Amino acid sequence: MYEFLQETVASNMTRSVRSVAPEMTVGDLYRLFEKDDYDAYPVLRDDVVVGFVTKLDALKVFACPVDHMLPRYDDRMGTTVDEIMSSDVIAVEPDTNLQRVLQLMIAHRLKSLPVIDKYHHLVGIIAREDVMRALARCTKRQAPSLVPCETVRCLRLV
């Protein structure tokens, strides 16, 4: 477990990240979600992270208060990403340790976090699966060896 405390984002993140532009429509975003099977995308403007958009954000355009009529599908599919994205992005830097990432994910109920450099340029993404793999790898190395079967005595209860 102590090895996990030394793990950083840089050695566990995915470097090849697909992002979206703020001008992308929800219709295009839906097609991208279906194609990639991702849950969220960083939103970039001029190579700078300006937001994060999730599947839930894309679904929200179809939610309406009880006293309103059902929105027209085509109208809602034309909504742009910048209208639905979260611009209050929780991001980490490559030297952030995975324990901190885990704390952020739990506290904010996040599935992934964009990884940015000091200029807010996207350099990767760290997902729950990345943290889980690192934790499994680190704990596997520290697992105690099993006792051979022949050295274990069986007790018989009568």
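**Exercise 1. How many helices and how many strands does the chain have?**

Solution. The structure is a predicted model. Step one is to count the elements: seven helices and four strands are present. Step two is to read them along the sequence, which gives the pattern α-α-β-β-α-α-α-α-β-β-α. Step three is to consider burial: of the 158 residues in the chain, 32% are buried.

**Exercise 2. Determine which residues of helix 6 are buried and where they lie around the axis.**

Solution. Begin with the extent of the element: helix 6 covers residues 98-108. Its buried residues are Leu 98, Val 101, Leu 104 and Met 105. These residues cover an arc of only 115° around the axis, and therefore lie on the same side of helix 6. The general principle is that an α-helix has 3.6 residues a turn, so residues three or four places apart point the same way. Next, examine the face turned away from the buried side: it carries the exposed residues Ile 106 and Ala 107. Finally, inspect the ends. Asn 97 caps the N-terminal end, with a side-chain oxygen 2.8 Å from the backbone nitrogen of Gln 99. After helix 6 comes Arg 109, which has a positive phi near 55°.

**Exercise 3. Describe how strand 1 and strand 2 are joined.**

Solution. First, locate the strands: strand 1 spans residues 40-45, and strand 2 spans residues 48-54. They run antiparallel and are joined by six bridges; Val 43, for instance, has Gly 51 of strand 2 as its bridge partner. Then consider the hairpin, where two residues stand between the strands and Asp 46 adopts a positive phi near 55°.

Technical notes:
Residues numbered from 1 in each chain as written. Predicted model: local features only at pLDDT ≥ 70, side-chain atom pairs only at ≥ 80, totals over all residues. Heavy atoms only, no water. Buried < 20%, exposed > 50% of the residue type's maximum accessible area, 1.4 Å probe, protein only. Arc of directions from axis to C-beta. Polar contact = N/O pair within 3.5 Å; in protein donor to acceptor, adjacent residues only side chain to side chain. Pairing = 2+ DSSP bridges.
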